[in-house]
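Good morning, and thank you for joining this meeting.

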Amino acid sequence: MRTSYHRRILGATALCAIAAIVAGAQTTPPVPPRVTRGNGDNAKAAPLVVKDEAGRTVEIPQPVKRIISLAPSVTETIYALGLQDRLIADTDACDFPPAAQKLPKVGGPFTPNLEVIVSMKPDLVVVAANSGNRKETADALDLLHVPTYATNANTVDDVLISIARLGDVLGAGEQGRALSESLRVRLQDLHRRLEHTTPTRIFFVVWHEPLMSIGQDTYIADAMRRAGAESVIPIKEGYPRVSWEEVVRAQPEYLVFGSSRPEEITAMMANVRNLPGWRDLKAVEENKVVIVNDGINSPAPRIVDAIEELARRVHPEAFVDVPPTPVSVAHPMIELAKNALARAAVVAK
Amino acid sequence: VKALTLNRLMWICASLLAVLFVTIVVALKVGAVPLSITDLALNLGRVILGREARIPSEYRLIIFDLRLPRIVLAMLVGGALSVSGTGFQALLRNPLADPYVLGVSSGGGVGAILALILAPRYPLVTPLAAFLGAIATIAAVYFLGRRKGQLDSTTLLLAGIISASFLAAVISFLVTTLAGRDLRGIVFWLMGDLSTPLQPALYWVLVAGIILGVGAIYTTAADLNVITTGEREAIHLGVDVTRVKLVVYVSASLLTGLAVSVSGAIGYVGLLVPHAMRMLFGSDYRVLIPTSLIGGAIAVVAADTLARTVMKPTELPVGAVTAILGAPFFIYLLRRRLP
């Protein structure tokens with residue numbers, strides 16, 4: 001009797017299972033056709049097929065009119081390219097320029113809401129592969145057939161290349177190259193000024209509790225080197241937690257922070273300066289603390305501003321006494337002016 | 001144990017399925033993008049009538065590519081975790097046992113991290129590695145948990161807890177030393193998260209595995225009823241205790257491994273749902289197993305709907321929601337049981 005009872009139950013279970021399979025079949029429908037976009041009447045160019053900076057092949061419909069940015073660095077770059085009119089949404093973390101805060105939001109860079117992104121029908125979603133976004137997000141957007149382009153910059157040179165490439169992808173190659181070139185000229189000028197200085201040994205504070213700093217292979221460490229400064233932490237990759245012993249032994253000449261709210265850092269320093277570790281640093285004792293703008297944390301145009309700020313603080317001698325300009329170096333100066341004009345034209349547009 | 005009739009079981013399941021249906025409808029309706037109930041009915045009607053071509057593309061993407069697959073995934077994961085929790089509670093005869101008690105989720109976590117380090121570019125490698133990590137942990141705990149050739153509940157539990165904390169330490173070690181690698185995804189993975197759409201093929205693997213696991217546990221239901229009164233008595237009554245334990249162990253582990261591989265570690269579901277079902281419908285495993293399956297589905301769909309909507313458009317990991325709601329609920333259940 002028990003067996004027959006069981007048979008019936010198992011039969012019912014099997015039925016449920018079949019129902020589940022059928023239901024499952026309906027919930028994973030075949031790949032839907034590409035979303036057709038509005039304004040279909042004006043002739044569309046063939047889609048642009050590019051390899052993005054994370055090595056993914058992306059098919060980008062042309063022209064790109066509706067962009068969603070999923071990272072602060074991307075938002076900043078799009079504004080710097082003068083393409084903000086095409087930016088239809090960004091993330092909670094996109095706070096520069098201030099106008100970007102007013103755009104519709106799709107969630108945070110780690111937790112963007114896919115529903116919201118899809119419902120806005122973007123032509124292109126731009127993510128930052130190494131600063132802000134998860135790989136899973138790009139994978140998910142691929143599954144949903146939303147064109148997604150990833151930027152990825154690990155050095156300051158990469159940032160400049162990345163800006164120019166993003167310009168190309170968005171159909172603003174001219175602006176992209178002009179912006180990239182103007183930044184390059186500024187960096188070259190800086191390089192000339194700092195050529196004969198010895199790198200200042202600094203400790204870049206990513207976070208103070210627990211103490212975190214930068215690895216030598218990050219774009220921030222590269223930015224430090226461009227500013228004539230060198231991180232005292234020899235670790236190569238990423239943003240490591242470091243021990244106080246290591247920092248105290250190294251005795252950096254300056255502590256460097258990157259923040260949009262320097263008063264918070266100053267207040268924090270006032271609180272910790274008598275704690276063990278902090279009080280054992282000569283830099284703290286002598287108040288050699290540099291707070292550069294938070295552009296340093298983001299692979300976007302403002303990183304060059306931050307580099308210049310830092311260079312002026314750690315190598316004032318290279319800026320107060322500008323060597324007489326030889327004829328041969330006058331040329332880049334002219335170009336600098338030209339580029340500034342070009343940039344102004346872009347901004348005005 | 002109340003006398004069980006097929007009729008009673010059918011009624012219980014039907015009422016739970018009705019609750020599940022309502023939960024699914026609500027979950028389909030609410031979200032970051034508002035949908036009206038008429039639009040929802042209209043478009044579901046179109047699917048049923050086979051007129052899918054007439055569905056506006058944004059509905060197709062949002063309902064059928066995002067919400068519905070996610071709800072199905074939540075149901076599968078919830079059902080698997082709850083049945084697995086029921087199985088482990090019976091097997092270990094410990095009311096605190098849950099699917100993760102034997103270190104399965106930590107094993108899965110180690111697998112997932114290794115996959116993210118070694119093969120970050122391949123989409124199916126992470127769930128596969130997580131599943132293998134979970135299974136390897138289970139096998140290790142099984143051999144550690146045997147005494148004189150028998151599965152001993154206490155030894156098994158201790159072996160599981162130690163393995164879990166050892167593997168959690170391995171995860172901390174890997175995450176700290178490999179800070180430079182792109183391991184951001186792992187945080188979501190360790191907290192339990194359903195926000196990332198799966199490769200469609202994985203749904204079939206999940207469905208097949210869950211039918212297999214739940215079915216196998218269900219065949220032991222009557223024997224589990226006897227075993228919970230005492231192993232010695234069960235042996236005297238002619239129950240093959242060793243075989244039952246092995247079946248439940250392997251099936252519950254399979255279910256947990258599957259759930260962990262696609263969603264990370266979603267806590268409390270496997271602990272709470274079996275307790276809640278036991279209070280509602282009694283402790284007969286022939287009822288407890290199917291009701292846990294449906295109840296788990298309801299719980300995770302509801303929790304994930306909250307995760308999607310409370311902070312919209314930002315999403316919370318579903319594991320955070322189940323923990324925030326689960327812990328107080330557990331205390332409530334505990335207090336109610338006291339005289």
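This is a predicted model: local features need pLDDT of at least 70, side-chain atom pairs count only at pLDDT 80 or more; totals for chains, interfaces and linings use all residues.

Residues are numbered from 1 along each chain as its sequence is written, chains are lettered from A and ligands numbered from 1 in the order in which they are written, and side-chain values use heavy atoms, with hydrogens and water left out.

Buried means under 20% relative accessible area, exposed means over 50%, and partly exposed lies in between, with a 1.4 Å probe and protein chains only.

Let me turn to chain B. Its secondary structure comes to 14 helices and 2 strands; helices (H or I, at least four residues) and strands (E, at least two) are DSSP runs, numbered from the N terminus. The radius of gyration of chain B is 20 Å, close to the 20 Å that the globule rule gives for 339 residues, so the chain is as compact as a globular protein of that length. That radius is taken over C-alpha atoms, and the rule is 2.2 Å times the number of residues to the power 0.38. Along its principal axes, the C-alpha trace of chain B spans about 65 × 55 × 40 Å. Of the 339 residues in chain B, 58% are buried.

Within this chain, where is B:S253 found? B:S253 belongs to helix α11, residues 241-263. The residue is buried, with a relative accessible area of 2%. Leaving aside neighbours within four places in sequence, B:S253 is in contact with B:F88, B:I138 and B:V248, where contact means heavy atoms within 4.5 Å.

Chain A is next. Here there are 13 helices and 12 strands, and 50% of the 349 residues count as buried. Among the buried residues of α2(A) are A:V74, A:E76, A:I78 and A:Y79. A:G82, which follows α2(A), has a positive phi near 80 degrees.

Helix α4 of chain A covers residues 135-143, and its buried residues include A:E136, A:A140 and A:L141. Just after α4(A), A:H145 takes a positive phi of about 60 degrees.

I close with the loops of chain A. Which residues does a cis peptide bond with omega of about -10 degrees join? The bond joins A:Q62 and A:P63, and A:P63 sits in the loop between β2 (57-62) and β3 (67-69). The peptide bond from A:E209 to A:P210 is also cis, with omega near 0 degrees; A:P210 lies in the loop between β8 (207-208) and β9 (211-212).

A:Q251, a residue other than glycine, has a positive phi near 40 degrees and is placed in the loop between α8 (244-250) and β11 (254-258). For A:N287, likewise not a glycine, phi is positive and near 60 degrees. A:N287 is found in the loop between α10 (282-285) and β12 (289-292), and it is exposed, with a relative accessible area of 52%.
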